[in-house]
Amino acid sequence: MNDGAVHITDLVKTYTDDRGRPTFTAVKKINLEINNGEFMVLVGPSGCGKTTTLRMVAGLEKITSGTISIGDRVVNDLEPKDRGIAMVFQNYALYPHMSIFNNMAFGLQLAKKKKDFIQETVSRTSKALGLDHMLERKPQALSGGQRQRVALGRAIVRNPQVFLFDEPLSNLDAKMRVQMRSEISRLHGQLGNTMIYVTHDQVEAMTMGDRICVMKDGLIMQVADPLTLYRQPENLFVAGFIGSPPMNLLKGKVEKGDGGLVFKETANENAVTIPLKGPVETIAAKVVGKSIVFGIRPEHLTEESKNGSTAPVSSTIDIAEPMGSESLVYMRAGTGNLIARIHGEALYHMGQPITVYVNLDKVALFDAETESVIR
Amino acid sequence: MLPRQRLLLKKVIAHSVLIASCALILIPFAMVVLASFRKGNFPPSTLWLNPDQWTLDHWKYVLGIPYRELLNAATGETKLVNPTVAPMRWFLNSLVVSSIASFGIILLSGTAAYAFARMKFRFRSQILTGLLVLQMFPQILTLTAYYRILNYIGEHIPWLGLNTYAGLILIYLSGISINIWMIKGYFDTISPSMEDSARIDGASRFQAFIRILLPMSAPIFAVVFILSFISMISEYPTASVVLQESANRTLAVGAYSLLDEHEKLWGHFSALAVLSGVPITIMFLLCQRFIIGGLTSGGAKE
């Protein structure tokens, strides 16, 4: 069974005006392989082309060039209904004049399925989603979470190879969002279908995706499983986009110091200096004197020096945000703040001098010009 | 001034304005109604009838019921008037023409508006602006042209020429640009994701239009229908030029023909004018249940 695999090859989407003149290229020749049964998340800031890509897979947007195939079939010229897909929209897109039952049955009715079959399918699906007691109601009478569940049910009854989600949780309140997030994950576990999920929320991407495809300006920045994406970002964009609070990114240069190489931040005041040793020193040796970006995640700045591969950084505290079990400490640095996530319940104060230790094993260095990671 | 007095003064002023504007609407209407019940053919002029001035003759006339007319008040000589059925015929003519034309307008402007709202094609925005500019010229300016065109069509297709209802409806159907704008404006407020969703569910573009977009747009179609209907029931210039035979006339043209240069039958005219409000009122009540807010709510969240 490989029916639900989606292959996207050299996909381009250029929007045109009324006259057919090109106005804007939203997707710039991307390639993406989505395995059968995989939960693939497309994530990126607005305008990155993620929704356009999804709509092209759905067949709602014409493909400018390239191919999309689902299973073994190239679907470029197939109608949406013939692609074996179902889609859940950000704004639910329920039919307001129809009852919940008819909303879910609409596709089956159009496909001229038998009445008994429709009745059976809809009631089974609605029961599983806890909607069975509101089938006669109109969407207007439902809460946001219930409406999105109806949209989900409408997708499920189509029995598609591939589920497409276009920011389905963005319109829900925070609590509902968390609940629906786990419901969709559970659904994926039960059905085992391929799911392509578009979101701008990196927390959703990290918690739900088998793999995540990070997009920016119509290009794919990196495709990887959540932890790889978190630990080994390929470029500055991914490094800054994934993780909250974001990775600390300090602009500067690698210079030769007394005891070896050091990273020196390029700034007029508060510039930090970090001595380099271990594997990162080997990498840094390749870019001595060049403009680079030094990346370290907040949780890899600790108060204690550990097992040799740490380097001290001293600065003063700008702001401290105690969060109970941990504190986010914003330290002064030349280019913005250096944020440390420090465990423990100690209180920190503005202006207090502090020394933290950089876990050098977790450092990522980026070329400031190409923005890609240096290996 | 005490606050109480000030409040009272405000209330008095507000109510005076309201009563005055109500009077402005209701008094002419009352005058016409009274003229239709007044003995003799007097123009609407009074707000009071003495008991001996009342009569149902004008109403009998327009409804085609025979009645005796007083010829000479001194001798008491009367004559049996057996009215021709013309007024009722005009009434039906108007109903038929206005209903068919209103449905036609909805059909044409609805589909055109869909194209302007949802499709991409060359000169789309220019055509839309053009429609608006065209609408600024009164239709009456093109009346002679319509006359010639219908005359020409009539030579080849007799049932669509001058003196035919089809011809008149054809002309009425040409004045739809403002309706296209109104309906397009409404379509623009409906999220296209509904139709996207319908297409994924397997609906063709036409099915998505008919089964999803149209039911959701009932309010605007009701408004367009009722506005077209009212304007056509009371339309005079075009109908008077196209329909020249007495029995063919629409209500507005027929009513005006009662105000002949030599004999102005104000009483008959008033009764007919009041009668013409009946279909409009009925149509309005029928359409009103569609003109409700919130029909599209709950489907999409913006």
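**Note on the predicted two-chain model**

1. The model is predicted.

2. Cys213(A) also belongs to the largest nonpolar core, which has 160 residues. Together with Leu164(A) and Ile196(A), Cys213(A) touches the most other members of that core. In soluble globular proteins, nonpolar side chains tend to be buried together.

3. Chain A has an open sheet of six strands, with mixed pairing and the order E6-E7-E8-E3-E9-E10. Its edge strands are E6 and E10 (219–224), each of which pairs on one side only. From one strand to the next, the twist averages 15°.

4. Val88(A) has Phe165(A) in E7(A) as its bridge partner.

5. Where chains A and B touch, each gives 26 residues to the contact. On the chain A side, the elements that give two or more residues are strand E6 (85–88) and helix H2 (100–110). That side has 16 nonpolar, six polar and four charged residues.

6. Chain B is assigned two domains, domain 1 (1–36) and domain 2 (86–288). Taken over C-alpha atoms, their centres are separated by 36 Å. The contact between them takes four residues from domain 1 of chain B and six residues from domain 2 of chain B. The domain 1 side has three nonpolar residues, one polar residue and no charged residues.

Methods:
Residues numbered from 1 in each chain as written. Chains lettered and ligands numbered in written order. Predicted model: local features only at pLDDT ≥ 70, side-chain atom pairs only at ≥ 80, totals over all residues. Contact = placed C-beta atoms within 7 Å. Helix = DSSP H or I, 4+ residues; strand = E, 2+ residues; numbered from the N terminus. Nonpolar A, V, L, I, M, F, W, Y, C, P; charged D, E, K, R; others polar. Domains from an automatic or database assignment. Core = buried A, V, L, I, M, F, W, Y, C linked by C-beta atoms within 7 Å. Buried ≥ 20, exposed ≤ 12 C-beta atoms within 10 Å, placed from the backbone. Pairing = 2+ DSSP bridges. Axes fitted to C-alpha atoms, helices over the stretch in contact; angles between N-to-C directions.
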